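Welcome, and please take a moment to look over the structure before reading on.

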Amino acid sequence: MNAQRITIEYDDRSVRRFVIATLIWGVVAMLAGVLVAFQLNYWQMNGKFIETLTFGVIQSEGLEWLTFGRLRPLHTNAAIFAFVGNMMFAGIYYSTQRLCKARMASDLLSGLHFWGWQLIIVAAAVTLPAGLTRGKEYAELIWPINSAVAFIWVVFALNFFLTLKRRNEPSLYVALWFYIATIVTVAMLYIVNHLSLPTSLTHSYPVFGGVQDALVQWWYGHNAVAFFLTTPILGIMYYFMPKAADRPVYSYRLSIVHFWSLVFLYIWAGPHHLLHTGLPGWLQGLGMTFSLMLWAPSWGGMLNGLLTLRGAWGRLRTDPVIKFFAAGVTFYGMATFEGPLLAIRAVNQLSHYTDWTIGHVHSGTLGWNGFMAAGMIYWLVPRLWDTKLHRESWANMHFWLGLVGILFYVGAMWVSGITQGLMLSEVTDEGTPKYRFLETLDAIRPMMLFRAIGGVLYLSGFILLVVNVWLSIRKKAPVNGRVEVVIEGVPAEQRMGLIEGVLLNRPVAWSLVTIAAYTFWLVARDHQLVALPSLALGLIFSVMTVKSFKKHQSDWSTWHEKLLHNWAPFTTLAFIAVAIGGAVQILPTVILNRDKNVEDRIQQLYSPLELAGRDLYISEGCYNCHSQQIRTLAPDILRYGDWSRLGESIYDHPFQWGSKRTGPDLAREGTGTNKKDNLWHYQHLVDPRQISQGSNMPSYHWLERKNTDIKSLPDKIAAQQKLGVPYPAMTRNVIEQRALEQGIEIAKDLRARGAFVDPEKQIIAMIAYLQKLGHFTDLRATPTSPASPTAPAAAPPTPAATVKTAANTTLSHPAPH
C-alpha cells in the first residue's frame, strides 16, 4: 500500500485562546492572593477598608463576600484550575498536535472544552465569594459545577485520545506519557472525592464522612498537586525545554524511570497530611514511607530537565525563556525535596498547621508552575502570532521581580512557620503552654507582611508579562502551524492488544507480584504472622525481578518500545499504576471505620440548629483558619485538651480537621476548660477584638442580621440519614420546631446578659454549633463510672518536669490501629 502524503494545519486557535485565558486568570488569582495575604495582617482588609474609602457609603456589613474565609478558596481555585489549568491546556494542545503530527481530533470538542472551562471558572468566581462551598480544600465547588468539571474533562480526554488514535507519528513521546497519566488520574481523583448527595441546587453533603472523608480528601488533595500541578507541567518541560534550548532530552532511559516510578509512588503519599492524628498507624507509616521514596524520581526528573540545557548554559544570561525554565525546574527540585522532608514525623509535628506548609506550597506554585508558565508563554507568543517579543528586557525584569518575590514569600513563611511551631510547642515548668495563641500570631506579623510584599512583587512581574504580550500581539495576525506528513499508521509488528500489554509480559507480572507482597506487609505490619512472610516474599520477588530484567533485558526494552506504539494498553497500565495505591488506602478505611466498629468514643449527633450552624461555619470558610483535630502530641493536648479519636468526627460530612491554624483548634470548643458562654461567642463573632485584643479574625456582623434557613433542615437531615448518620425519624414540623426551641433558649440566655438577638438569626445557629464541638459519648463508660459519658476525658496526668521534656514528642498512648 502506498503511503499518503498530506499537509496538516494545526489548531493553534485553541492554543491562543488558552494562552490569553492564562494571562487573564493569572492576574485574577494573584490579585486575590495578594488581598488575602494582606487580610491576614490587617483585619480591616476584610471589607472594612472599602467602607473607609467610600466614607461609609458602602457598609462592610454588606461585604461578607470579601472576607478571608470566602476569598481564600477563590484564590486557590483560581490559581490551580484557572491559571495553571489554562496554561496546562495551552501547552498540551500545542505539543500534542506536533508530537502526533495531527490536528486535534475535533474543533467542536476543542471549542467546547475552552468555553466550558471558562464558564466553570466564572461560576466558581461567583459562588465561592457567595459562601456556596463544599468545605473541602481544593474541592470547594458546589455539585452542579463539579458535574460540569467532570463533563468538560471528559470532553478534553475524548479529544486527546481521539488525537492519539489518529496520530501520524507511530511512537508516543515522553511528554504524552505525562499527559495520559494526568488525564486518567485527575478523572479518578476528582470523581471519587466529589461524590456527594445533593440537598438542593447549591448544597450537598460528601458521601464520605469523618476519617473516611479525611483520607479521601488528602488522597485527592495531595495528588491534585501531583497530577494537576506536576505531571502535566513535567510533560510541558519535556517538550518545551528541548525546543527552547535546541537540545535533545538528556536521558531517554531516565525519563522512563522518572515517569513510571513517579506515577506509581505519588498516589500513596496522601496520608502524610494526617500524621499524629487518630488515623491508623499503618496508613501514617505508608504516607511517610512513600513520600520519602518520592525523592528519587522527583530529583531524577529535575536533573533530566536541567541537564537537557547542557551546552546552552551560556544563553541563561540573555534568553528569558531559558531563565524561566531553568529556575522553574530548580524550584521543582526544591519543592520536591521539601515535600518528603515535611512528611517525616519529627519535622511534620513542627511544620503542620503552620506557615511552613504555606511556603512549601507556594514555592511549587509560584516557582515551578508560574515560572514554567512564563517561559512557555514567552516561547509561544512569537510563534502563535508570527512576531517578536515587544521588549525582551521587560521579560528579564519580570524574571527578577518574580524571583525576588518568591524568595521574600517563601523565606518569610519558613521563618514564620518555624517560629510559630516552636512557640506553640513550648511549655512552662508547671506543664502549661508558655505562649497564648495570639502571642504567637503577634510574633509572626512581620513575616506575614513580608509575605504580602513578596506577593506584590510577583504580581508586578506577571502584569509586566501581560503588558509585554499585549504589546507584542496587538495588530498582529495569528498564524497556525503547518506540517507535511506521511500517513503510514502503526506497523503491524508493533501492534499490541490489551492482554499482551497489560498482563502477558514479564515486566508487569513481576511488578504486580512484588507490589502485592509489599502491600500486604505494609497493611498488616502489626500482625507479625502476616507481615513477616509478606516482607520476605517482597524481598524474594524484588531479587527475582532484578534477575529477570538482567537476563531478559532486551525483551523488557522491546516490550516497552512496543507499548509506546499502542496508546490503549499504555493508558490502561498508567491507570492501574495509580489505582493500586488509592484502593489500598481507601477501601480498608471505608469498610472498617464505621460507627459499629468504634470502641471508645462516638460523636453525639448535631441537633437541627447545630447542623444549620455547622453549614454556616463551612459557608463562611472558617475551616481555612481553624482545625478540629487535636493531634497525639503533648503540646496539642496541653493547649486544647485530649487528643481527637476517630469516632468523635465519624458523622461529619464533610470532615473539618483542617490543615492550617491561623486561629486555635476548636475540636473541644464546647466542652471542658475551653468552653465559653454564649455571650462570649456572640461578642467574638460580632467584634473579635472586643474579646481577643490583636485578633486578625474578620467581624461577622451579617450573621446578626440574616436569618437561618430553617426550612432546608428537613432535606438536609434526610440526606444525612441516607449517608448513614443515625438520626431518628422526625417530621418536618418536629425538625423546625426543635431548631426554633433551641434558638429561643440561646436568645434568652443572651438577652439575660444584655445582648438582644432574634432566635432565628444565623449567629444563634453558629453559637449552637460552636457549643456542641467536643461532645461525644464514651462507649467504655459504665453506669458506676465517675466520668461523664458526654464530656471529654482529661489528658493523662503528666508531671510538670516530664511534660516539659515531652513537649515535642507523642504521648505514650498510641493512636488506635
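Let us begin with the largest pocket, which is lined by 37 residues, with Trp260, Ser261, Pro507, Ser511 and Trp556 lying nearest its centre. This is a predicted model, in which local features need pLDDT of at least 70 and side-chain atom pairs count only at pLDDT 80 or more, while totals for chains, interfaces and linings use all residues. Residues are numbered from 1 along each chain as its sequence is written, and side-chain values use heavy atoms, with hydrogens and water left out.

What is a pocket here? On a 1 Å grid over the protein atoms alone, a pocket is an open set of points where a 1.4 Å probe fits, with protein on both sides within 12 Å along at least five of seven lines, and lining residues have an atom within 4 Å of a point. The volume of the largest pocket is about 1400 Å³, where a volume is the space filled by probe spheres set on grid points joined across faces, edges and corners. Two or more lining residues come from each of α9, α10 (281-293), α19 (506-523), α20 (528-551), α21 (553-563) and α22. These helices are DSSP runs (H or I, at least four residues), numbered from the N terminus. Which helix gives the most to this lining? It is α19, with 11 residues. By class, the lining of the largest pocket holds 25 nonpolar, 10 polar and 2 charged residues (Ala, Val, Leu, Ile, Met, Phe, Trp, Tyr, Cys and Pro are nonpolar, Asp, Glu, Lys and Arg charged, and the others, Gly among them, polar).

Now turn to the second largest pocket, with a volume of about 920 Å³. Its lining has 38 residues, and His626, Gly663, Pro664, His684 and Ser692 lie nearest the centre. Here α25 gives the most, with 4 residues. The lining of the second largest pocket divides into 19 nonpolar, 13 polar and 6 charged residues.

Next come the aromatic rings. Rings of Phe, Tyr and Trp (its six-membered ring) pair if their centres lie within 6.5 Å; planes under 30 degrees apart are stacked, over 60 edge-to-face, and the rest tilted. By this rule there are 51 aromatic pairs. One of them joins Phe259 and Phe570, which are stacked because their ring centres are 5.6 Å apart and their planes at 25 degrees. Phe259 belongs to helix α9 (residues 252-266) and Phe570 to helix α22 (residues 567-592), so this pair ties together parts 311 residues apart in sequence.

Phe331 and Phe371 form an edge-to-face pair, because their ring centres are 6.1 Å apart and their planes at 85 degrees. This pair links helix α12 (residues 320-342), which holds Phe331, with helix α14 (residues 355-384), which holds Phe371, 40 residues apart.

Finally, find Pro698 in the loop between α26 (688-691) and α27 (702-705). Pro698 is buried, at 9% relative accessibility. Although Pro698 and Met45 are 653 residues apart in sequence, they are 8.8 Å apart in space, C-alpha to C-alpha. Beyond its neighbours within four places in sequence, Pro698 is in contact (heavy atoms within 4.5 Å) with Asn46, Thr67, Leu685, Pro688 and Arg689.

Definitions and conventions
Buried means under 20% relative accessible area, exposed over 50%, partly exposed in between (1.4 Å probe, protein chains only).
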